[in-house]
Amino acid sequence: MFDSFCSSFKLLKTFHRHTNWINSIDFSTIDSSQFLYSGSDDKTVRIWDIETNKQIQSLIHPGDVYGVKFSPYHYHNHRRNVICSSSIDKKVYFWDVEDNQKLQIFKGHTECVTGIEFSPFNGGRYLCSVSGDKTIRLWDVETSKSLHVFNGHEDGIWCVDISPLQSNNNNKDDNKSNSIGVVGGNGYTICSGSFDKIIRIWDIETTKQSIVLEGHGGTVRSVKYGLNESGMCCGSNTILSGSMDYSVRLWDIRSCQEIQVFNGHIDSVWAVEYSPFVVNNIEVNGMSNVICSGSSDKTIRFWDIRSNKKELYVIKESDEGDGIYCLKFLQLKKKNRRKYNGYGINLCYGSRSHIRIWG
(Lines give C-alpha, C1' and ligand atoms only; values in the text may rest on other atoms or scores of the structure.)
Protein backbone atom coordinates (compact mmCIF):
# COMPACT_ATOMS: atom_id res chain seq x y z
CA MET A 1 0.00 0.00 0.00
CA PHE A 2 2.84 2.42 0.77
CA ASP A 3 4.47 1.84 -2.63
CA SER A 4 1.16 2.52 -4.37
CA PHE A 5 0.70 5.69 -2.38
CA CYS A 6 4.18 7.01 -3.18
CA SER A 7 3.84 6.29 -6.89
CA SER A 8 0.94 8.74 -7.26
CA PHE A 9 1.52 11.01 -4.25
CA LYS A 10 0.75 14.66 -5.09
CA LEU A 11 -0.25 17.94 -3.50
CA LEU A 12 -4.07 18.19 -3.34
CA LYS A 13 -4.79 21.32 -1.32
CA THR A 14 -3.07 24.31 0.25
CA PHE A 15 -4.64 26.57 2.87
CA HIS A 16 -3.22 30.11 3.14
CA ARG A 17 -4.20 32.64 5.81
CA HIS A 18 -1.91 32.13 8.78
CA THR A 19 0.96 34.61 9.07
CA ASN A 20 3.26 32.69 11.41
CA TRP A 21 4.25 29.17 12.48
CA ILE A 22 1.40 26.65 12.60
CA ASN A 23 1.89 24.60 15.75
CA SER A 24 -1.12 22.27 15.73
CA ILE A 25 -3.79 20.85 13.41
CA ASP A 26 -6.85 18.68 13.98
CA PHE A 27 -9.70 17.30 11.90
CA SER A 28 -13.35 16.34 12.29
CA THR A 29 -16.30 15.08 10.27
CA ILE A 30 -19.66 16.56 11.29
CA ASP A 31 -22.68 15.26 9.43
CA SER A 32 -21.62 15.49 5.78
CA SER A 33 -19.01 18.20 6.28
CA GLN A 34 -15.30 17.86 7.03
CA PHE A 35 -13.33 20.51 8.86
CA LEU A 36 -9.69 21.27 9.55
CA TYR A 37 -8.58 23.25 12.61
CA SER A 38 -5.23 24.98 13.00
CA GLY A 39 -3.48 26.97 15.72
CA SER A 40 -0.62 29.36 15.10
CA ASP A 41 1.88 31.81 16.54
CA ASP A 42 -0.17 34.48 14.76
CA LYS A 43 -2.58 34.24 17.75
CA THR A 44 -5.43 32.63 15.84
CA VAL A 45 -7.30 29.36 15.61
CA ARG A 46 -8.59 29.00 12.06
CA ILE A 47 -11.35 26.69 10.88
CA TRP A 48 -11.36 25.44 7.30
CA ASP A 49 -13.98 23.73 5.16
CA ILE A 50 -12.00 21.02 3.38
CA GLU A 51 -14.60 20.59 0.65
CA THR A 52 -14.51 24.23 -0.45
CA ASN A 53 -10.88 24.81 0.51
CA LYS A 54 -11.91 27.99 2.35
CA GLN A 55 -11.45 29.43 5.82
CA ILE A 56 -14.84 29.72 7.50
CA GLN A 57 -13.83 31.15 10.85
CA SER A 58 -10.96 32.74 12.75
CA LEU A 59 -10.85 32.74 16.56
CA ILE A 60 -8.59 35.40 18.05
CA HIS A 61 -6.36 34.57 21.02
CA PRO A 62 -4.54 37.02 23.28
CA GLY A 63 -1.32 35.12 22.54
CA ASP A 64 0.37 32.44 20.43
CA VAL A 65 -1.66 29.23 20.05
CA TYR A 66 0.23 25.98 20.69
CA GLY A 67 -2.47 23.29 20.79
CA VAL A 68 -5.78 22.75 18.96
CA LYS A 69 -8.17 19.82 19.41
CA PHE A 70 -11.74 19.08 18.38
CA SER A 71 -13.75 18.23 21.52
CA PRO A 72 -15.35 14.76 21.23
CA TYR A 73 -17.10 15.30 24.57
CA HIS A 74 -19.13 18.30 23.42
CA TYR A 75 -19.98 16.70 20.10
CA HIS A 76 -21.15 13.33 21.43
CA ASN A 77 -22.95 14.69 24.49
CA HIS A 78 -24.33 18.00 23.24
CA ARG A 79 -24.02 17.82 19.43
CA ARG A 80 -21.94 20.98 19.48
CA ASN A 81 -18.89 21.75 17.37
CA VAL A 82 -16.43 22.86 20.04
CA ILE A 83 -12.71 23.53 19.62
CA CYS A 84 -10.24 23.41 22.49
CA SER A 85 -7.05 25.46 22.25
CA SER A 86 -4.07 26.22 24.44
CA SER A 87 -2.03 29.37 24.49
CA ILE A 88 1.06 31.23 25.63
CA ASP A 89 -1.27 33.18 27.94
CA LYS A 90 -1.33 30.18 30.36
CA LYS A 91 -4.95 29.23 29.63
CA VAL A 92 -7.00 26.56 27.87
CA TYR A 93 -10.03 27.75 25.89
CA PHE A 94 -13.17 26.02 24.63
CA TRP A 95 -14.85 27.73 21.67
CA ASP A 96 -18.35 27.12 20.36
CA VAL A 97 -17.81 27.30 16.61
CA GLU A 98 -21.41 28.05 15.66
CA ASP A 99 -21.80 30.91 18.14
CA ASN A 100 -18.17 32.07 17.89
CA GLN A 101 -18.11 32.30 21.70
CA LYS A 102 -15.89 31.03 24.49
CA LEU A 103 -17.70 28.32 26.46
CA GLN A 104 -15.05 27.60 29.10
CA ILE A 105 -11.62 28.79 30.16
CA PHE A 106 -9.34 26.56 32.24
CA LYS A 107 -6.94 28.50 34.46
CA GLY A 108 -4.28 26.95 36.66
CA HIS A 109 -1.02 26.77 34.76
CA THR A 110 1.53 29.47 35.58
CA GLU A 111 3.35 29.37 32.23
CA CYS A 112 2.38 28.82 28.57
CA VAL A 113 0.17 25.79 27.86
CA THR A 114 2.05 23.94 25.14
CA GLY A 115 -0.01 20.81 24.53
CA ILE A 116 -3.50 19.35 25.09
CA GLU A 117 -5.08 15.91 24.61
CA PHE A 118 -8.57 14.50 25.26
CA SER A 119 -9.09 11.14 26.96
CA PRO A 120 -10.03 8.23 24.66
CA PHE A 121 -12.18 6.86 27.51
CA ASN A 122 -15.44 8.28 28.88
CA GLY A 123 -16.21 9.98 25.57
CA GLY A 124 -13.42 12.52 25.85
CA ARG A 125 -14.66 13.89 29.16
CA TYR A 126 -11.14 14.46 30.47
CA LEU A 127 -8.42 16.72 29.14
CA CYS A 128 -4.69 16.71 29.77
CA SER A 129 -2.71 19.91 29.42
CA VAL A 130 1.05 20.41 29.68
CA SER A 131 2.94 23.58 30.30
CA GLY A 132 6.20 25.44 30.57
CA ASP A 133 5.54 25.40 34.32
CA LYS A 134 6.81 21.76 34.36
CA THR A 135 3.37 20.30 35.21
CA ILE A 136 0.66 18.16 33.63
CA ARG A 137 -2.91 18.94 34.61
CA LEU A 138 -5.88 16.59 34.30
CA TRP A 139 -9.21 18.40 33.89
CA ASP A 140 -12.86 17.31 33.99
CA VAL A 141 -14.43 18.98 30.95
CA GLU A 142 -17.94 18.48 32.31
CA THR A 143 -17.32 20.29 35.60
CA SER A 144 -14.41 22.53 34.46
CA LYS A 145 -12.43 21.35 37.48
CA SER A 146 -8.73 20.52 37.74
CA LEU A 147 -8.56 16.96 39.08
CA HIS A 148 -4.84 16.48 39.51
CA VAL A 149 -1.46 18.07 38.90
CA PHE A 150 1.38 15.74 37.91
CA ASN A 151 4.85 16.88 38.98
CA GLY A 152 8.20 15.32 38.09
CA HIS A 153 9.68 16.95 35.00
CA GLU A 154 12.67 19.18 35.69
CA ASP A 155 11.93 21.63 32.88
CA GLY A 156 8.99 22.82 30.81
CA ILE A 157 6.84 20.21 29.06
CA TRP A 158 6.13 20.51 25.34
CA CYS A 159 3.99 17.50 24.32
CA VAL A 160 1.50 14.99 25.72
CA ASP A 161 -0.45 11.92 24.64
CA ILE A 162 -2.90 9.53 26.36
CA SER A 163 -2.77 5.77 25.80
CA PRO A 164 -5.26 4.50 23.19
CA LEU A 165 -8.74 3.15 23.78
CA GLN A 166 -8.64 -0.31 25.34
CA SER A 167 -10.52 -3.09 23.57
CA ASN A 168 -12.56 -4.02 26.63
CA ASN A 169 -13.96 -0.50 26.73
CA ASN A 170 -15.24 -0.51 23.16
CA ASN A 171 -18.89 -0.91 24.11
CA LYS A 172 -21.73 1.52 23.74
CA ASP A 173 -22.16 1.86 27.49
CA ASP A 174 -18.54 2.85 28.07
CA ASN A 175 -19.44 6.21 29.59
CA LYS A 176 -21.64 4.50 32.19
CA SER A 177 -19.82 1.25 32.87
CA ASN A 178 -16.23 2.46 33.19
CA SER A 179 -16.44 4.05 36.61
CA ILE A 180 -13.33 2.63 38.24
CA GLY A 181 -11.15 4.96 40.26
CA VAL A 182 -10.88 8.71 40.20
CA VAL A 183 -11.88 9.44 36.60
CA GLY A 184 -12.87 6.08 35.18
CA GLY A 185 -9.59 5.69 33.35
CA ASN A 186 -8.29 2.52 34.99
CA GLY A 187 -5.35 1.12 33.04
CA TYR A 188 -4.72 4.28 31.02
CA THR A 189 -1.52 6.27 31.09
CA ILE A 190 -0.26 9.71 30.10
CA CYS A 191 2.98 10.22 28.20
CA SER A 192 4.82 13.55 28.28
CA GLY A 193 7.95 14.93 26.61
CA SER A 194 9.96 17.80 28.00
CA PHE A 195 12.75 20.30 27.59
CA ASP A 196 14.54 18.14 30.19
CA LYS A 197 15.07 15.63 27.31
CA ILE A 198 13.09 12.93 29.15
CA ILE A 199 9.85 11.08 28.36
CA ARG A 200 7.75 10.24 31.41
CA ILE A 201 4.73 7.95 31.64
CA TRP A 202 2.11 8.44 34.35
CA ASP A 203 -0.70 6.18 35.61
CA ILE A 204 -3.95 8.15 35.46
CA GLU A 205 -5.71 6.31 38.29
CA THR A 206 -2.87 6.23 40.79
CA THR A 207 -1.52 9.60 39.58
CA LYS A 208 1.99 8.17 39.95
CA GLN A 209 4.90 8.25 37.55
CA SER A 210 5.43 4.72 36.29
CA ILE A 211 8.13 4.84 33.58
CA VAL A 212 11.02 7.11 32.61
CA LEU A 213 12.51 6.87 29.11
CA GLU A 214 15.94 8.47 28.67
CA GLY A 215 18.02 8.66 25.52
CA HIS A 216 17.20 11.85 23.65
CA GLY A 217 19.90 14.51 23.60
CA GLY A 218 17.53 17.45 23.16
CA THR A 219 14.03 18.70 23.92
CA VAL A 220 11.34 16.10 23.21
CA ARG A 221 8.95 17.85 20.79
CA SER A 222 6.47 15.07 20.01
CA VAL A 223 5.28 11.82 21.66
CA LYS A 224 2.72 9.34 20.32
CA TYR A 225 1.39 6.05 21.64
CA GLY A 226 1.08 3.17 19.22
CA LEU A 227 -2.47 2.20 18.35
CA ASN A 228 -4.22 -0.65 20.13
CA GLU A 229 -5.00 -4.04 18.59
CA SER A 230 -7.85 -2.57 16.56
CA GLY A 231 -5.51 0.02 15.08
CA MET A 232 -2.82 -0.25 12.48
CA CYS A 233 0.62 0.37 13.88
CA CYS A 234 3.05 -1.13 16.36
CA GLY A 235 0.60 -1.84 19.15
CA SER A 236 -0.24 0.12 22.29
CA ASN A 237 2.99 -0.90 24.03
CA THR A 238 5.14 1.49 22.02
CA ILE A 239 5.95 5.18 22.17
CA LEU A 240 7.18 7.16 19.18
CA SER A 241 9.12 10.37 19.84
CA GLY A 242 10.83 13.20 17.99
CA SER A 243 13.39 15.59 19.39
CA MET A 244 15.56 18.63 18.86
CA ASP A 245 18.48 16.18 18.74
CA TYR A 246 17.30 15.54 15.11
CA SER A 247 16.32 11.92 15.88
CA VAL A 248 13.12 9.86 15.85
CA ARG A 249 12.97 7.06 18.42
CA LEU A 250 10.70 4.08 19.02
CA TRP A 251 10.37 2.77 22.59
CA ASP A 252 9.00 -0.42 24.14
CA ILE A 253 6.96 0.49 27.23
CA ARG A 254 7.07 -3.02 28.70
CA SER A 255 10.86 -3.26 28.75
CA CYS A 256 11.41 0.51 29.14
CA GLN A 257 13.94 0.20 26.34
CA GLU A 258 14.61 1.98 23.10
CA ILE A 259 13.78 -0.23 20.11
CA GLN A 260 15.05 1.86 17.21
CA VAL A 261 16.68 5.20 16.43
CA PHE A 262 15.94 6.78 13.06
CA ASN A 263 18.56 9.27 11.88
CA GLY A 264 18.31 11.31 8.70
CA HIS A 265 16.87 14.66 9.61
CA ILE A 266 19.37 17.52 9.73
CA ASP A 267 17.35 19.73 12.08
CA SER A 268 14.88 19.44 14.96
CA VAL A 269 12.04 16.90 14.67
CA TRP A 270 8.79 18.61 15.66
CA ALA A 271 6.18 16.00 14.77
CA VAL A 272 5.92 12.20 14.62
CA GLU A 273 3.02 10.01 13.55
CA TYR A 274 2.15 6.36 13.10
CA SER A 275 0.89 5.83 9.56
CA PRO A 276 -1.76 3.50 8.09
CA PHE A 277 0.77 2.27 5.52
CA VAL A 278 2.44 -1.10 5.02
CA VAL A 279 5.58 -1.69 2.97
CA ASN A 280 5.22 -4.13 0.07
CA ASN A 281 1.99 -5.37 1.70
CA ILE A 282 4.04 -6.93 4.51
CA GLU A 283 2.30 -6.42 7.84
CA VAL A 284 3.52 -6.91 11.39
CA ASN A 285 0.82 -8.74 13.36
CA GLY A 286 -1.77 -7.21 11.05
CA MET A 287 -0.50 -3.70 11.74
CA SER A 288 1.31 -1.03 9.75
CA ASN A 289 5.08 -0.92 9.72
CA VAL A 290 5.58 2.69 8.57
CA ILE A 291 6.03 5.81 10.71
CA CYS A 292 6.71 9.37 9.62
CA SER A 293 8.31 12.51 11.01
CA GLY A 294 8.33 16.24 10.23
CA SER A 295 11.27 18.52 10.84
CA SER A 296 12.63 22.05 10.72
CA ASP A 297 14.76 20.79 7.83
CA LYS A 298 11.63 21.18 5.64
CA THR A 299 11.16 17.45 5.12
CA ILE A 300 8.71 14.71 6.06
CA ARG A 301 10.42 11.34 6.22
CA PHE A 302 8.85 7.88 6.23
CA TRP A 303 10.56 5.01 8.07
CA ASP A 304 10.17 1.24 8.37
CA ILE A 305 9.83 0.37 12.08
CA ARG A 306 11.64 -2.93 11.52
CA SER A 307 14.82 -1.19 10.41
CA ASN A 308 16.88 1.85 11.35
CA LYS A 309 18.30 2.10 7.84
CA LYS A 310 17.78 4.98 5.43
CA GLU A 311 14.25 6.42 5.22
CA LEU A 312 11.75 4.88 2.79
CA TYR A 313 10.55 8.13 1.26
CA VAL A 314 11.06 11.89 1.69
CA ILE A 315 8.67 14.78 1.01
CA LYS A 316 10.49 18.09 0.64
CA GLU A 317 8.69 21.31 1.44
CA SER A 318 9.10 24.13 -1.06
CA ASP A 319 11.52 26.97 -0.46
CA GLU A 320 8.66 29.18 0.76
CA GLY A 321 8.16 26.83 3.68
CA ASP A 322 9.97 27.06 6.98
CA GLY A 323 9.92 23.59 8.45
CA ILE A 324 7.21 21.06 9.32
CA TYR A 325 5.70 21.64 12.76
CA CYS A 326 2.65 19.36 12.88
CA LEU A 327 1.35 16.28 11.04
CA LYS A 328 -1.93 14.42 10.80
CA PHE A 329 -3.31 11.60 8.64
CA LEU A 330 -6.85 12.28 7.38
CA GLN A 331 -9.56 10.11 5.90
CA LEU A 332 -11.42 12.35 3.49
CA LYS A 333 -14.65 11.68 1.66
CA LYS A 334 -14.34 9.51 -1.44
CA LYS A 335 -14.49 12.28 -3.98
CA ASN A 336 -11.66 14.06 -2.19
CA ARG A 337 -9.37 11.10 -1.61
CA ARG A 338 -7.48 8.31 -3.24
CA LYS A 339 -8.20 4.77 -2.05
CA TYR A 340 -5.63 2.04 -1.53
CA ASN A 341 -6.63 -1.36 -0.21
CA GLY A 342 -9.84 0.11 1.18
CA TYR A 343 -8.16 3.03 2.95
CA GLY A 344 -8.52 6.71 2.09
CA ILE A 345 -5.13 8.20 2.91
CA ASN A 346 -4.27 11.86 3.03
CA LEU A 347 -1.35 13.47 4.84
CA CYS A 348 -1.85 16.96 6.25
CA TYR A 349 0.92 19.13 7.64
CA GLY A 350 1.46 22.68 8.88
CA SER A 351 4.45 24.87 8.07
CA ARG A 352 5.17 28.56 8.69
CA SER A 353 2.15 30.15 7.02
CA HIS A 354 0.30 27.41 5.16
CA ILE A 355 -1.25 23.98 5.54
CA ARG A 356 -0.94 21.36 2.83
CA ILE A 357 -2.83 18.13 2.15
CA TRP A 358 -1.18 15.40 0.06
CA GLY A 359 -2.71 12.21 -1.22
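Start by selecting Ile-47, which is buried, with a relative accessible area of 0%; buried means under 20% relative accessible area, exposed over 50% and partly exposed in between, with a 1.4 Å probe and protein chains only. Before you go on, note that this is a predicted model, in which local features need pLDDT of at least 70 and side-chain atom pairs count only at pLDDT 80 or more, while totals for chains, interfaces and linings use all residues. Residues are numbered from 1 along each chain as its sequence is written, and side-chain values use heavy atoms, with hydrogens and water left out.

Ile-47 is found in strand 4 (residues 44-49). Strands (E, at least two residues) and helices (H or I, at least four) are DSSP runs, numbered from the N terminus. Now show what surrounds Ile-47: leaving aside neighbours within four places in sequence, its contacts (heavy atoms within 4.5 Å) include Phe-35, Tyr-37, Ile-56, Leu-59, Ile-83 and Val-97.

Next, the nonpolar cores. A nonpolar core is a set of buried Ala, Val, Leu, Ile, Met, Phe, Trp, Tyr and Cys residues joined through side-chain atoms within 4.5 Å. In the largest one, of 18 residues, select Phe-277, Ile-300, Phe-302, Ile-315, Leu-327, Phe-329 and Leu-347, which touch the most other members. Helix 1 (2-7), strand 23 (290-295), strand 24, strand 26 and strand 29 (346-350) each give two or more residues to this core. Zoom in on Ile-300: not counting residues up to four places away in sequence, Ile-300 touches residues including Cys-292, Tyr-313, Val-314, Ile-324 and Tyr-349. A second, separate core of 17 residues includes Cys-112, Ile-201, Ile-211 and Tyr-325.

An open sheet of four strands has the order 1-30-29-26, with antiparallel pairing; two strands pair if DSSP finds at least two bridges between them. Strand 1 (11-16) and strand 26 are the edge strands, each pairing on one side only. From one strand to the next, the twist averages 15 degrees, where axes are lines fitted to C-alpha atoms, for helices over the stretch in contact, and angles run from 0 to 180 degrees between N-to-C directions. Strand 1 and strand 30 pair over five bridges, and the bridge partner of Lys-13 in strand 30 is Ile-357.

Last stop: the charged side chains. How many salt bridges are there? The count comes to 18, with a salt bridge taken as a side-chain nitrogen of Lys or Arg within 4 Å of a carboxyl oxygen of Asp or Glu.

- Select Arg-356 and Glu-317, which meet at 3.3 Å, N to O. Arg-356 lies in strand 30 (residues 354-358) and Glu-317 in the loop between strand 25 and strand 26 (326-330), 39 residues apart. Both residues are buried.
- Select Glu-311 and Arg-301, whose side chains meet at 2.7 Å, N to O. Glu-311 is in the loop between strand 24 (299-304) and strand 25 (313-316), and Arg-301 is in strand 24.
- Finish with Asp-196 and Arg-200, which form a salt bridge at 3.8 Å, N to O. Asp-196 is buried at 15% relative accessible area, and Arg-200 is buried at 7%.
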